[in-house]
Amino acid sequence: MDGNEPAGMSHLRRMTRASQFGVARARAGRPAACFKAALRPALRYHACMPSVQRSYRIRAFPNGAQRRFLDRWFGASRWLWNTALDIRSAAYRECGLKLTGIDLSRWLTAWKRTDQHEWLAAIPATCLTQILRDQDRAFSNFFAKRAKYPRFKRRATGGSLRFQGVGTAWSKEVLVLPKLGPLKLAEALPDVSKPDMVTLRQDSAGRYWVSFSAEVEIDLLPVTGRMIGVDLGLTHLATLSSGEKVAAGKHYANRLRYLRRQQRCLSRRQKGSKRREKQKIRVARAHAKIADTRSNSLHELTTRLVREFDVICIEDLNVKAMARGMHAKSIHDAAFSEFRRQLTYKANWYGRTVIAVDRWYPSSKLCSGCGHKLDELRLDIRRWKCPKCGREHDRDINAAQNILADGIRQIAGGDPRCMRVEPGSTCTEETRAQVPGDEARSGQIHASGTEREHAI
Ligand SMILES: [Zn+2]
């Protein structure tokens, strides 16, 4: 990362890094932006920077005219999807024909010329072909048994369009969509090269979002030399082996009363009425609010963990099975799988390691001090005393410490290749140094010895 790199490179990297997080953007004028753009290819091939595919989602605020256009276009795209699906299903059912998007796009061209369907020509042609292509993918997913049979789209679920020709104004930090013009966004466009495709979506709460993905370079975070075990739970979202407890959001439970009231109101509204439509949006907004706060607190936690620790040990929970059980609602609310997904991709970006500890590992029943295993530990017992060494344990902290100890054991005793560390980074030596050398070599790592060191 350092050493024999050309002078000025580190300055450059600092600059691009700052702009990634929107720090320099506000102050950087045109000349700086051009300078950056000119040097982007050089930076891309700089070995220190792994590039990752990153997706962005930005709130959009179309103006009145754009909203009216979009309303019509979403309707048209839904019509095309449903008609194409209908034709495909009928062709297969009645003649055994497997139509493809290419066949249908020929029909589409013919439809555009007819009097009843000339409104199709008002929509960017690439958006329409994209719908047929999406349906192709939906069908191939179905035939590969990855998904269910494609379904008809309903109006209630909002709509989406995928635009291909994004305007050249991208470099001027303006998003111009074909036949729609410049679009007002909630934040500045990221400093990435122009994406091939931009999706514009309206969710059920009536909000508009643009999303796209781009390849970006991300610097590895500096090595901290610390490890942590994380125990996920319902009373606390996460308990860290350092003894810290992160409170569960309980977003759903907190907003449930409000949501219930709105939902009751909705059920009283007459079907097909204007007021029912309005109330529907209010309910959708309440749901969206819950989802937003939840995802925000999850992002805060995972980002913090990735920033502060080199190695993060978590439990490999079977969330699907748990969510069928007694505490299904709170498990869905705590969003365990989303926690793991975020943690994994962020660790990948910044050169951290996430270790999943076997789900059958008895992390709660084991004494983190002496390794004594209890026969049984009821769920309602939050604190217990080890019968062998007499140590007092908090149930969750003890579990987190055991998870950390088992994670360390995996690194030390297991295949070193299971550590996912970027080549060329300095992570490897540093993290290995965490495990006392002699113990690591003899494979006799004891839970107590190592874990107390890192717990501090
Ligand atoms: Zn003990």
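What covers the buried residues of α3? I began with that. The model is predicted: local features need pLDDT of at least 70, side-chain atom pairs count only at pLDDT 80 or more, and totals for chains, interfaces and linings use all residues. Residues are numbered from 1 along each chain as its sequence is written.

**Helix α3.** I looked up its span. α3 (64-95) has 32 residues and reaches 46 Å from first C-alpha to last, close to the 46 Å expected at 1.5 Å a residue (1.5 Å times one less than the number of residues). Helices are DSSP runs of H or I, at least four residues, and strands are runs of E, at least two, numbered from the N terminus. Gly96 follows α3 with a positive phi, near 70°.

I then listed its buried residues (20 or more other C-beta atoms within 10 Å of their own, placed from the backbone). They are Gln66, Trp73, Phe74, Ala76, Ser77, Leu80, Trp81, Ala84 and Arg88. The cover includes α4 (101-113), α5 (125-143), β2 (159-163) and β5 (198-202).

**Largest nonpolar core.** I took a core as buried Ala, Val, Leu, Ile, Met, Phe, Trp, Tyr and Cys residues joined through C-beta atoms within 7 Å. The largest holds 33 residues; Ile228, Val230, Ile312, Cys313, Leu343, Ile403 and Leu404 touch the most other members. α11 gives the most to this core, nine residues. At least three residues come from each of domain 2 (225-357) and domain 3 (361-456), with bounds from an automatic or database domain assignment. Apart from this core lies another, of 24 residues, among them Trp81 and Leu108.

How values were computed: A residue is buried if 20 or more other C-beta atoms lie within 10 Å of its own, exposed if 12 or fewer, and partly exposed in between; C-beta atoms are placed from the backbone. Two residues are in contact if their C-beta atoms, placed from the backbone, lie within 7 Å.
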